[in-house]
Amino acid sequence: MNVLWLQSGGCGGCTMSLLCADTTDFFGTLGGAGINLLWHPSLSLESGDDALSILRACRDGALPLHVLCVEGAMLRGPRGTGRFHLLAGSGTPMVEWVRSLAAVADHVIAVGTCAAYGGIAAGGGNPTDACGLQYDGDQPGGLLGAAYRSRSGLPVINIAGCPIHPQWVIETLMSLAAGPFDATQLDALGRPRFYADRLVHHGCTRNEFYEFKASAAKPSDLGCLMENMGCKGTQAHADCSARLWNGDGSCLRGGYACISCTEPGFEEPGHPFHVTPKIAGIPIGLPADMPKAWFVALSSLSKSATPKRVRDNARSDHPVVTPAIRKTRLK
């Protein structure tokens, strides 16, 4: 399975994350699954005319293109010309290369939220007119248009994340190589369901504090980050509290609130990332699938039943009270 990787408007962070894939032999892992990385701007030896010859061979059909991976947002400016980003040495806008290659690819993958929905590159006034491959924010369209389908009949596969978890990319590529891969394996926003059907909240090490609504008041506290610190883990679609970076880390485990980086428009939430907006003391962003009245009732009951250990530990940067020792044997 031939894979071609292009980088457009972004920071390169998804490639940096990919290099942290949980394997001692990155290229061996791909090769063992029958995946041939034709070219990657950071990982391949070819450059200049040699690299362009690979792209032209794919575009012209001389070299089969099974998977086109695009990292970074599509820069359509100025005034729709795409000339804010010319592919080096070609004199041709990146958006034109992506359109022509997407037309002959069996599958197209947007690697990261910038490529999927516009992401950070589309924030603010968006002077470069950045967008995703098939979305402009949360609206279908983007560079390729809502009706676009690859030669396999699939829309763009959006591996959203800022950055992506490396195993999301590896697992998606392996699924395509193994086949068949169909639209039922994508959610409503085009994200692979193997990671997007879970919430960041699932597996969070702060869940006991969440259950009792024992909340952190400052970044170093151990308590739940939802009530005061802007955490969206109960709404964010990703499995990164269970599928850890380097087998050990996640945003929440590092003391940082989840900002729902797999979501369209996460870059402009309308409030500081570290603040939870509230109305009458009730967080606006309630957990997924939970009516407001239920949350209010549950929160009041949970806080009234909070053990002293949980309450004290929530406002500390280390456990100050250990769990009680009790016999668990039945009599």
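Does C240 count as buried or exposed at 13% relative accessibility? C240 counts as buried, because its relative accessibility is 13% and buried means under 20% relative accessible area, with exposed meaning over 50% and partly exposed in between (1.4 Å probe, protein chains only).

The structure is a predicted model, in which local features need pLDDT of at least 70 and side-chain atom pairs count only at pLDDT 80 or more, while totals for chains, interfaces and linings use all residues. Residues are numbered from 1 along each chain as its sequence is written, and side-chain values use heavy atoms, with hydrogens and water left out.

## The chain as a whole

The protein chain contains 11 helices and 13 strands. Helices (H or I, at least four residues) and strands (E, at least two) are DSSP runs, numbered from the N terminus. Taken along the principal axes, the C-alpha atoms fill a box of roughly 75 × 45 × 35 Å. Of the 331 residues, 49% count as buried.

Contact means heavy atoms within 4.5 Å. Among the contacts in the protein chain with a separation of 6 or more, 70% are between residues 24 or more positions apart. The accessible surface is about 15800 Å², and 56% of this belongs to carbon and sulfur atoms; the areas come from the Shrake-Rupley method with a 1.4 Å probe, and for residues only the protein chains shown count as cover.

The chain has 28 positive and 28 negative charges, and their mean positions are 11 Å apart. Lys and Arg count as positive and Asp and Glu as negative, while His and the chain ends are not counted. Each charge is placed at NZ of Lys, CZ of Arg, CG of Asp or CD of Glu.

## Annotated cysteines

An unreviewed UniProt entry gives the annotation "binding site" to C240, C258 and C261. These residues are spread over 22 residues of sequence but cluster in space, with a largest C-alpha distance of 11.1 Å. Under "binding site", the unreviewed UniProt entry also lists C11, C14, C114 and C162. That set is spread over 152 residues of sequence, yet it clusters in space too, its largest C-alpha distance being 10.1 Å. UniProt positions are given in the numbering used here, feature names are shortened, and annotations may be inferred rather than shown by experiment.

| Residue | Relative accessibility | Class |
|---|---|---|
| C240 | 13% | buried |
| C261 | 21% | partly exposed |
| C162 | 36% | partly exposed |
| C11 | 78% | exposed |

C240 lies in the loop between α9 (226-229) and β12 (278-279), and C261 lies in the loop between α9 and β12. C162 is in the loop between β11 (157-159) and α6 (166-178). C11 is placed in the loop between β1 and α1 (13-18).

Leaving aside residues up to four places away in sequence, C240 touches W168, V200, W245 and S250. With neighbours within four places in sequence left out, C261 is in contact with T113, G161, C162 and F266. On that basis the contacts of C162 are T113, I120, C261 and F266.

## V200

V200 is found in the loop between α7 (193-196) and α8 (207-211). At 4% relative accessibility, V200 counts as buried. Not counting residues up to four places away in sequence, V200 touches G233, A236, A238, C240, S241, L252 and C258. The C-alpha atoms of V200 and P264, which are 64 residues apart along the chain, are separated by 16 Å.

The expected span of a helix is 1.5 Å times one less than its number of residues. Helix α3 (residues 48-60) has 13 residues and should span 18 Å, which agrees with the 18 Å between its end C-alpha atoms. The buried residues in α3 include A51, L52, I54, L55, A57 and C58. Their cover includes β1 (2-7), β2 (36-39), β5 (86-87) and α4 (94-102). G61 follows α3 and has a positive phi, near 90 degrees.

Just after α6, G179 takes a positive phi of about 55 degrees.
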